[in-house]
Protein chains: 2
Amino acid sequence: MTASGSAARSTQPGEGAPWATVRERLHDRGLRWTPQRRVLIEVLSHSDGHVTGAELVERCRAVDPTTIPSTVYRTLDVLEDLGIVRHAHGIDGREEYHVLPVADHGHLHCTACRQTWEIDAAEAAALVSVLCEQRSFEVNLSHLSISGLCAGCREAAGGR
Amino acid sequence: MTASGSAARSTQPGEGAPWATVRERLHDRGLRWTPQRRVLIEVLSHSDGHVTGAELVERCRAVDPTTIPSTVYRTLDVLEDLGIVRHAHGIDGREEYHVLPVADHGHLHCTACRQTWEIDAAEAAALVSVLCEQRSFEVNLSHLSISGLCAGCREAAGGR
DNA sequence: GTCGTTGTTGCAAGTGCTTGCAACAACCCA
DNA sequence: TGGGTTGTTGCAAGCACTTGCAACAACGAC
């Protein structure tokens, strides 16, 4: 909810209005601004947080019924290159897109209630530093997906 | 590589010969011992570490060409219930089965060289305890999949 | 050995996503 | 404004599973 609606309507071209600058950012890389991309950008600009690929395809279809899945997935790849979306794999291995990642963060999935939470760099710091020190492994936090049981479900399961 | 070949040939029915007891373990649950399951068990007993679902289907086909994918996947579900295999999702979201998980452990995937390593409870302890204390979240270590850059690839990438 | 119950299988259709390829159309340049 | 280059699209086929369902066959009982 933090600065959600206002961000899309902001007039400054930097952090504030990422959607407004997509077109020129594509141009800068020699990429093109097509009606199909316009549709996806519009859909994304109205999506908050996490959406699955299939969901995005469906929403694009609602705007333009001629939308083809492969186009959506290919455009998502391009937008990921631009840093506008980021994908991870949900608990069932499905693509899950995160729109406008403000900061690198991972995800926590409860296998019982299927809810999702974000974990920020601070919370993951312990793991990241252990792996970095012991193995020189650089963790890609945005792709980190942890599953298990949330507090509520542990309690519901009987506490033991 | 630790105690790989010998384990399958051991005669003691406890930890040592899990394959020999599968049949009765199925019986104990009112489940059946079918030729199709025999094939998969045989394939699994010759597989070490991590295999994808598709790979298992293929190997079963090598033993019995009439093998049907859905049967393999359904049998894997059953075997997972028995604790004989465990699945997680690889970096690309595909099913990855881990045969005979000796101890709970997670996985480390390098996005550059696609290699995989295991991380044990000790290494993940820092993360697990942070999440447990701060959120009462119980991490399912066997399903933990971390991606990033391994030491070798970081160096190859130019060190920066 | 035969019978009946019920867990399993095979099949076919479906989902989510990917890929190769030819036709198309943004966009740059004159 | 017209023309050419080349990034994109749409389509069809394919991969990795998943699911519903009717026919089948393990396995315990008689």
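Which residues does Val139(B) touch, not counting residues up to four places away in sequence? In this predicted model, the contacts of Val139(B) are Ile146(A) and Gly148(A) from one chain, and Val128(B), Leu131(B) and Leu144(B) from the other.

**Chain A**

Chain A contains seven helices and seven strands. Their order along the sequence is α-α-α-β-α-α-β-β-β-β-α-β-β-α. Chain A has 160 residues, of which 26% count as buried. When contacts in chain A between residues at least 6 apart in sequence are considered, 47% join residues at least 24 apart.

**The nonpolar core**

The largest nonpolar core has 26 residues, and the members that touch the most others are Ala124(A), Val139(A), Ala124(B) and Val139(B). Two or more residues of this core come from each of strand S4 (105-110) and helix H6 (121-135) of chain A, and likewise from strand S4 (105-110) and helix H6 (121-135) of chain B. As a general point, nonpolar side chains tend to be buried together in soluble globular proteins.

Chain A gives 28 residues to the contact and chain B gives 28 residues. On the side of chain A that touches chain B, at least two residues each are supplied by H6, strand S6 (138-139), strand S7 (145-149) and helix H7 (151-156) of chain A. H6(A) provides the largest share of this side, with seven residues. Classified by type, the side of chain A that touches chain B comprises 12 nonpolar, 10 polar and six charged residues.

Strand pairing also links the chains: S6(A) and strand S7 (residues 145-149) of chain B are antiparallel and joined over two bridges. In this pairing, Val139(A) stands opposite Gly148(B) in S7(B).

**The sheet of chain B**

In chain B, three strands in the order S1-S3-S2 form an open sheet with antiparallel pairing. Strand S1 (50-52) and strand S2 (85-89) of chain B stand at the edges with a single partner strand each, so one side of each has no neighbour in the sheet. From one strand to the next, the twist averages 35 degrees. Helix H4 (residues 53-63) of chain B packs on the sheet, where it touches S1 and S3 of chain B, and its direction makes about 80 degrees with that of S1(B).

| Strand pair | Sense | Bridges |
|---|---|---|
| S1(B) and S3(B) | antiparallel | three bridges |
| S2(B) and S3(B) | antiparallel | five bridges |
| S6(A) and S7(B) | antiparallel | two bridges |

Thr52(B) stands opposite Glu96(B) in S3(B), and His50(B) has His98(B) in S3(B) as its bridge partner. His87(B) stands opposite Tyr97(B) in S3(B). The hairpin of S2(B) and S3(B) has five residues between the strands, and Gly93(B) in this hairpin takes a positive phi near 85 degrees.

How values were computed:
Residues numbered from 1 in each chain as written. Chains lettered and ligands numbered in written order. Predicted model: local features only at pLDDT ≥ 70, side-chain atom pairs only at ≥ 80, totals over all residues. Core = buried A, V, L, I, M, F, W, Y, C linked by C-beta atoms within 7 Å. Buried ≥ 20, exposed ≤ 12 C-beta atoms within 10 Å, placed from the backbone. Helix = DSSP H or I, 4+ residues; strand = E, 2+ residues; numbered from the N terminus. Contact = placed C-beta atoms within 7 Å. Nonpolar A, V, L, I, M, F, W, Y, C, P; charged D, E, K, R; others polar. Pairing = 2+ DSSP bridges. Axes fitted to C-alpha atoms, helices over the stretch in contact; angles between N-to-C directions.
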